[in-house]
Structures are given as C-alpha cells and as structure tokens.
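Visitor: I have a structure to look through today. Can you take me around it?
Guide: Gladly. Here is what we will look at.

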Amino acid sequence: MKYKIGLRVNGKVNNITKTGIFVTLDKKHHGLIYYKEFGNDWKNIQAKYEKGQELRVVVINNKDGKLALSLKQVNNPDLVDPTNQFNHQENFSKTLEEVINEADKKISSLQKS
C-alpha cells in the first residue's frame, strides 16, 4: 500500500520511546508519532498509551518511505484523504449520483424478491 499524505489508517502501537510512539500499519510499514506533537506534557501523556493499542492516525509526511503520523490531525480538513471519494469537490456530484443509482438498483432488486 502506498501511504500518501492525508491518508487515515488504523495501526497498532509497536513501541513507545522518548522519541515518540511507533505505530505498525501493516506487515511492512510503520510510522512515528513524534513526541513534539504532544507538547511539553509528553512524559505524562506517554503513560496513556501501551503496546498493542489500536490508534487511528493520519499520514502527515512520507519521505523515502519514512512515515510521520499524527493523532491530533486526524480530523484536519486541510489534509485531504486521497482514498475518500467524497473529498474531491469536482467528483462529488458524480460520486453521489453513482451511489444513489447503486442504491436504487439494490432497492429495486430487493422489491422484486
């Protein structure tokens, strides 16, 4: 999987160090939530996380396969998720129309059954 900036993914905490939280995304990929994201309270905050804990994160940087992740920016609208078909305004109407047509077909087939 290509991890593009803005992609929201689930991962599991792999390790917690003074550098930050290392998160495993899949068998081959992992990323880091850098400790500075948590501000001056990192020492206290890191106790809230544990190995194996599942987190929803957003990719904020991908340089040479090294992924920078964020918890705080998961809901940042400026980080557009490239896999979300509803994020692209120019395609929104077309996508919505396709979803409505598929729903109509499904309803019609259910009514015939």
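Visitor: Where is the place of Asp41?
Guide: Asp41 is in the loop between S3 and H1. S stands for strand and H for helix; both are DSSP runs numbered from the N terminus, with at least four residues (H or I) for a helix and at least two (E) for a strand.

Visitor: Before we go on, what kind of model is this?
Guide: A predicted model: local features need pLDDT of at least 70, side-chain atom pairs count only at pLDDT 80 or more, and totals for chains, interfaces and linings use all residues. Residues are numbered from 1 along each chain as its sequence is written, and side-chain values use heavy atoms, with hydrogens and water left out.

Visitor: Back to Asp41. Which side chain does Asp41 make a polar contact with?
Guide: The side chain of Asn44, at 2.6 Å. A polar contact is a pair of N or O atoms within 3.5 Å; within protein, one must be able to donate a hydrogen and the other to accept it, and residues adjacent in sequence count only if both atoms are side-chain atoms.

Visitor: How exposed is Asp41?
Guide: Asp41 is partly exposed, at 38% relative accessibility. The cut-offs are these: buried is under 20% relative accessible area, exposed is over 50%, and partly exposed is in between (1.4 Å probe, protein chains only).

Visitor: New topic. How are the strands arranged?
Guide: 5 strands close into a barrel. The order is S1-S2-S3-S5-S4, with mixed pairing. On average, neighbouring strands of this sheet are turned by 50° against each other, direction ignored. For such angles, axes are lines fitted to C-alpha atoms, for helices over the stretch in contact, and angles run from 0 to 180 degrees between N-to-C directions.

Visitor: In what sense do S2 and S3 pair?
Guide: Antiparallel, over 5 bridges. S2 covers residues 20-24 and S3 covers residues 30-34. Two strands pair if DSSP finds at least two bridges between them. Look at Phe22: its bridge partner in S3 is Leu32.

Visitor: And S3 with S5, parallel or antiparallel?
Guide: Parallel, over 2 bridges. There, Gly31 stands opposite Leu67 in S5.

Visitor: What about S4 and S5, how many bridges join them?
Guide: 5 bridges, and the two strands run antiparallel. Val58 stands opposite Ser70 in S5. S4 and S5 form a hairpin with 2 residues between them.

Visitor: Now the inside. How many residues are in the largest nonpolar core?
Guide: 17 residues. Those with the most contacts inside this core are Ile21, Leu25, Ile33, Leu55 and Leu69. The elements giving two or more residues are strand S1 (8-16), S2, helix H1 (42-45), strand S4 (54-63) and strand S5 (66-70). S4 gives the most, with 3 residues. A nonpolar core is a set of buried Ala, Val, Leu, Ile, Met, Phe, Trp, Tyr and Cys residues joined through side-chain atoms within 4.5 Å.

Visitor: Why would nonpolar side chains sit together?
Guide: In soluble globular proteins, nonpolar side chains tend to be buried together.

Visitor: What does Leu69 touch?
Guide: Leaving out residues up to four places away in sequence, its contacts include Val23, Leu25, Ile33 and Val57. Contact means heavy atoms within 4.5 Å.

Visitor: Let's switch to Arg8. Buried or exposed?
Guide: Buried, at 14% relative accessibility. Arg8 is found in strand S1. Its side chain reaches the backbone oxygen of Gly6 at 2.6 Å and the backbone oxygen of Val74 at 2.8 Å.

Visitor: Last topic, rings. How many aromatic pairs are there?
Guide: A search of the whole structure finds 3. Rings of Phe, Tyr and Trp (its six-membered ring) pair if their centres lie within 6.5 Å; planes under 30 degrees apart count as stacked, over 60 as edge-to-face and the rest as tilted. Tyr34 and Tyr35 have ring centres 4.8 Å apart and planes at 55°, so that pair is tilted.

Visitor: And Phe38 with Trp42, why is that pair called stacked?
Guide: Their planes are at 25°, so the pair is stacked, with centres 5.0 Å apart. Phe38 is buried at 9% relative accessibility, and Trp42 is buried at 6%. Together with Tyr49, Phe38 and Trp42 form one aromatic cluster.
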